[in-house]
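Thanks for making the time, everyone. I would like to walk through one model and keep to what can be read from its coordinates.

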Amino acid sequence: MAFSFGLFELDEAGRVLLCARQEIPLQPRVFDLLVYLVRHRERVISKEELLEAVWPDVMVTDNSLQRAVSSLRAALRQGGMDGAVRNLPGKGYRFFVDSEIRQPERIAEKQADATLGLARRAAAAQLWLQAATLFESAKDDRQLSAGDLHDWALALQCLGKAAAAIPILVRAVAVRSEAGDAAGAAVDAIALSGLHFESGQAAIGKGWLARAEDWASKLDDPPTTALLLWMKSKLAAFDGEPEQALALADAAYMSVRYKDALNVEALSLAYRGFYRLCLGDTHGGLADQDHAAAVALSSNNLDPIMGGSLYCNILWAARMFGDWARADQWTRSYQNFCSSSGMELTGSCQLHRSEVLGIRGSLDEALARIQDALARLTSDAPWSMGDANRVLGDILAATGNDDAALDAYDKAYTLGWCPEPGRAMLLLARGEAEAAYAGLERSLIGKTWWTLQRRGILLAHLALVAAHTRRSGQAKALICELSGNPVRWPMPSIRALTNEAQAILALARQDHEAAMRHLHLARQLWSSIEGRVQVVRLRLQISRLQLERGDVCGATAEVHAARLLATELGSPKRVAECVALQQQIEASRPAMPRAERRQAVSR
């Protein structure tokens, strides 16, 4: 006998369980358990009866049944039905589903209808792999509606197959156009515009956007208008027009405010905040993005792709702005969103997370994630390959693979992306301070949105390098600009860099006390956002300065803390620096008895 329920088909004779036409492997006893539960679904079955039915003539405990039930639920979870096997304490188990359990003969009569129905159910349950597989098997069926095609394309995008979604959306637009559905055609055309834009085909993206605008002009539909304005704001930002982008995003938000279109409202508000940040309105930009997140979370039907765009935008802003604590919170939130929506982590998400992990010192995981991002971004968002290589350079530099880091920075630059400030800091560490200074100066040229948004971080690094190259006047002016405007530049990372620059200036005038004070403050600021790679670097600086001043105990304590952290990070470069400095400290006190030396090191 055979049965069908939800996305599943159970063939008892063939001992096969299918989910969305794909076989789900089950252990023999687990398969027998499922068959027995389905056959007797009209009643509760005691544990004793199940043990006797599934393990006849075999002495087993309740643990065997519990393990089998757990395995069965895991299999059913692939079709969103893990709750079908219910445990009634003290009574036993029952198989329960909301829909009818049918015999396969009824399916065979209307195979196309059944496949399409299963596809729609899978899409509604956000089971994207099953939905895409089922829609693919029904692709030649003329019953596919524009809505089916839209959901099929959505499933493919959620699986990270954006390129495959494009022809499906083109079909959806054609069907909607023929049916006179201008609003639906405009929405799908905007989606096509975004997909082409992300894949680096800006001209085609602009063409689809113009087509969408033509349809939208015939409508009095605020959500469609807002979505159109939002997409136009993205293109304006890409073309280096942040002021125009801000005006368009603001118009998008205002057109749907208080009009029960929470998804589009949240998206346009997040991007308005993004452009405000680019133009220096830090307070307003952060407020907009936090407000956008609250609006999105208050929506019970946040579209996965729209939600992904919102999270990605906020994440990008946090990264570019050097707001690492906020970036860490949002990357975790985005990962949870992807998991709950059944989405594959995109290349962009892996890029975001890898940079945060690199800053915070989980270098092995950061390296694995950025390599995965590079593989995905080739098709997902090739325009951001340069940024991914920049992040790869930062991670490699932190591990001590300097030559490979410089190669990654060069590739980023070749792809049209600024490799600073990571490249400058590596050059500075290698004694090439003038080259570092020149690179940072070049990075501040232009009005592209990524340059505008990273301006604070770039200026802070320029202040530091200016101090190292004895450009004290410029260093002081930059420090004054950044520290004198805490509303615009409130991030601990920027304050840490300016304090380090002040320490270098203090050393130049032989004010060791001020230098030590600024270095400690810089280290504390990096510690507050778990910037552990920078913490190790600063502890080594502090230790060297203490050794120069004869504070051997203080130098020993700092280098000991630095070495523990460098070992935890997995940075051979920093560990080697710690070992070398420890040897230097030991060599500075040859007359100290060995026992006292061990005691000092342990402190």
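**A tour of local geometry**

I will begin with W383, which is partly exposed at a relative accessible area of 25%, where buried means under 20% relative accessible area, exposed means over 50%, and partly exposed lies in between, with a 1.4 Å probe and protein chains only. Before going further, please keep in mind that this is a predicted model, in which local features need pLDDT of at least 70 and side-chain atom pairs count only at pLDDT 80 or more, while totals for chains, interfaces and linings use all residues. Residues are numbered from 1 along each chain as its sequence is written, and side-chain values use heavy atoms, with hydrogens and water left out.

Which kind of aromatic pair do W316 and W383 form? The structure holds 10 aromatic pairs, and the one between W316 and W383 is tilted, at 5.8 Å centre to centre with 45 degrees between the planes. For the cut-offs, rings of Phe, Tyr and Trp (its six-membered ring) pair if their centres lie within 6.5 Å, and planes under 30 degrees apart count as stacked, over 60 as edge-to-face and the rest as tilted. W316 lies in helix α15 (residues 304–320) and W383 in the loop between α18 (363–380) and α19 (385–399), so the pair ties together parts that are 67 residues apart in sequence. Helices (H or I, at least four residues) and strands (E, at least two) are DSSP runs, numbered from the N terminus. W316, for its part, is buried, with a relative accessible area of 7%.

Staying with rings, W230, Y271, F274 and Y275 form one aromatic cluster. There are also arginines placed over rings: the charged end of R211 sits 4.0 Å from the centre of the W215 ring, and that of R471 sits 3.7 Å from the centre of the Y437 ring. The criterion is that NZ of Lys or CZ of Arg is within 6 Å of the ring centre and within 35 degrees of the ring normal.

R86 has R94 in β6 as its bridge partner. The two strands make a hairpin with 3 residues between them, and G90 in the turn has a positive phi of about 80 degrees.

Most residues other than glycine have a negative phi, and most peptide bonds are trans. Against that background, Q126 has a positive phi of about 60 degrees; Q126 is in the loop between α5 (111–124) and α6 (128–137) and is partly exposed at 26% relative accessibility. Y258 likewise has a positive phi, of about 65 degrees, and this tyrosine, in the loop between α12 (242–256) and α13 (262–278), is exposed at 70% relative accessibility. As for the peptide bonds, the one from E420 to P421 is cis, with omega near 10 degrees, and P421 is found in the loop between α20 (402–414) and α21 (422–429).

Finally, how many disulfides does the structure hold? The count is 0, a disulfide being a pair of cysteine sulfur atoms within 2.5 Å. C578 is in no disulfide, and the nearest cysteine sulfur, that of C553, is 18 Å away. C578 is buried, with a relative accessible area of 0%.

How values were computed:
Two strands pair if DSSP finds at least two bridges between them.
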